[in-house]
Amino acid sequence: MILDDFSLKGKVAVVTGANTGLGQGMCVALAQAGAKVAGVARRSCAETSELIKKDGGEFFEVIADLSDTSNAPVILEKVVEKFGRADILVNNAGIILREDAINVTEEDWNKVININLNMVFLLSQTFAKQFVKQGDGGKIVNVASMTSYQGGIRIPAYTSSKSAVLGLTRALANEWASKGINVNAIAPGYMATNNTTQLRDDEKRSGEILERIPAGRWGTPKDMAGAVVFLCSKAAEYVNGFTIAVDGGWLAR
Ligand code: NAP
């Protein structure tokens, strides 16, 4: 039956940036759909763990700094040691640094590109090798952005990284679809998390943004639930290389 295809029972899902925001919301959703969830973060995921465990779900915390790309195989190793396998990777962790393009330093540029793009590729590659070894496919979901389609303002490295995530999603999907690995992405619109605190604190920008969102509100971590469970499930078996917007209609304007 169709709803059975959305179940993630028996699957092991790994979500980066699991301690807060959209990552936390997606961890909870994947656990509610039946997956055992490993959350990667550089600080405690106690809140996420509590949210999942109170619903009877299983959560495992992997503390790792994603700015150190040598951590990609270490993360996989810890997950496999705990759960014996991995089926789903959600590349959610990301940073944004706001500065006029004319003043952005090379160091800050590299910081953003390293976490938002380099680590997304290296983790995807590391997990894809594991999926191939296991022999029954896998799901990778990247977190893109409205800046995968638009330029944004004062965030040149972020826009470049998220535009590249959209392209990388297509490129990996093309190579790995034949191995039973689905690579897709979700492009969130304007969501109320730490990532947008600065924007929401700016009354003028915040008002302009809100006025342009057809749904008339900022998104929340819970709004990611349906899309991420779908893309990680059997129901999305023939969906490859696509980026789904969860944006309250922002891109439709
Ligand atoms: P957030 O609350 O700032 O969460 C970002 C997550 O990434 C946090 O868990 C953060 O951990 C983690 N992270 C950052 N640097 C890390 C590092 N070096 N090592 C390990 N973890 C690291 O923002 P969010 O809105 O939930 O963002 C989640 C994703 O959605 C990001 O890729 C973001 O670009 C994307 N996105 C957000 C929006 C939005 O409107 N909020 C829109 C489009 C796309 P710490 O708490 O330790 O920093």
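1. Is K9 exposed or buried? K9 counts as exposed because its relative accessibility is 69%; the scale here calls a residue buried under 20% relative accessible area, exposed over 50% and partly exposed in between, with a 1.4 Å probe and protein chains only. K9 belongs to the segment before β1 (12-16). Between K9 and K36 there are 8.0 Å, C-alpha to C-alpha, for a sequence separation of 27 residues.

2. A quick word on provenance. This is a predicted model, where local features need pLDDT of at least 70 and side-chain atom pairs count only at pLDDT 80 or more, while totals for chains, interfaces and linings use all residues. Residues are numbered from 1 along each chain as its sequence is written, and side-chain values use heavy atoms, with hydrogens and water left out.

3. Now the ligand. There are 29 residues around the ligand, and N19, R42, R43, Y158 and T193 come nearest; a residue is near a molecule if one of its heavy atoms lies within 4 Å of it. By class, that shell has 12 nonpolar, 13 polar and four charged residues. For the classes, Ala, Val, Leu, Ile, Met, Phe, Trp, Tyr, Cys and Pro count as nonpolar, Asp, Glu, Lys and Arg as charged, and the others, Gly among them, as polar.

4. Y158 puts a polar side-chain atom 2.6 Å from a ligand oxygen, and a side-chain N or O atom of K162 is 2.8 Å from an oxygen atom of the ligand. With G189 a polar backbone atom is involved, 3.3 Å from a ligand oxygen. On its own the ligand has 880 Å² of accessible area, and the protein covers 94% of that (Shrake-Rupley method, 1.4 Å probe).

5. The ligand sits in the largest pocket. A pocket, on a 1 Å grid over the protein atoms alone, is an open set of points where a 1.4 Å probe fits, with protein on both sides within 12 Å along at least five of seven lines; to sit there, a molecule needs more than half of its atoms within 2 Å of the grid points. The elements giving two or more residues to the shell around the ligand are α1 (21-32) and α5 (156-176). Helices (H or I, at least four residues) and strands (E, at least two) are DSSP runs, numbered from the N terminus.

6. Helix α1 also holds Q32, which is exposed because its relative accessible area is 56%.

7. Two arginines in loops. R154 lies between β5 (138-143) and α5, and its phi is near 65°, a positive value in a residue other than glycine. R154 counts as partly exposed because its relative accessibility is 38%. R85 is in the loop between α3 (71-83) and β4 (88-91), and it counts as partly exposed because its relative accessibility is 23%.

8. Last, N184 in strand β6 (residues 181-188). N184 is buried because its relative accessible area is 1%. N184 and M1 are 24 Å apart, C-alpha to C-alpha, and 183 residues apart in sequence.

Notes
A polar contact is a pair of N or O atoms within 3.5 Å; within protein, one must be able to donate a hydrogen and the other to accept it, and residues adjacent in sequence count only if both atoms are side-chain atoms. On a 1 Å grid over the protein atoms alone, a cavity is a set of points where a 1.4 Å probe fits but cannot get out, and a pocket is an open set with protein on both sides within 12 Å along at least five of seven lines; lining residues have an atom within 4 Å of a point.
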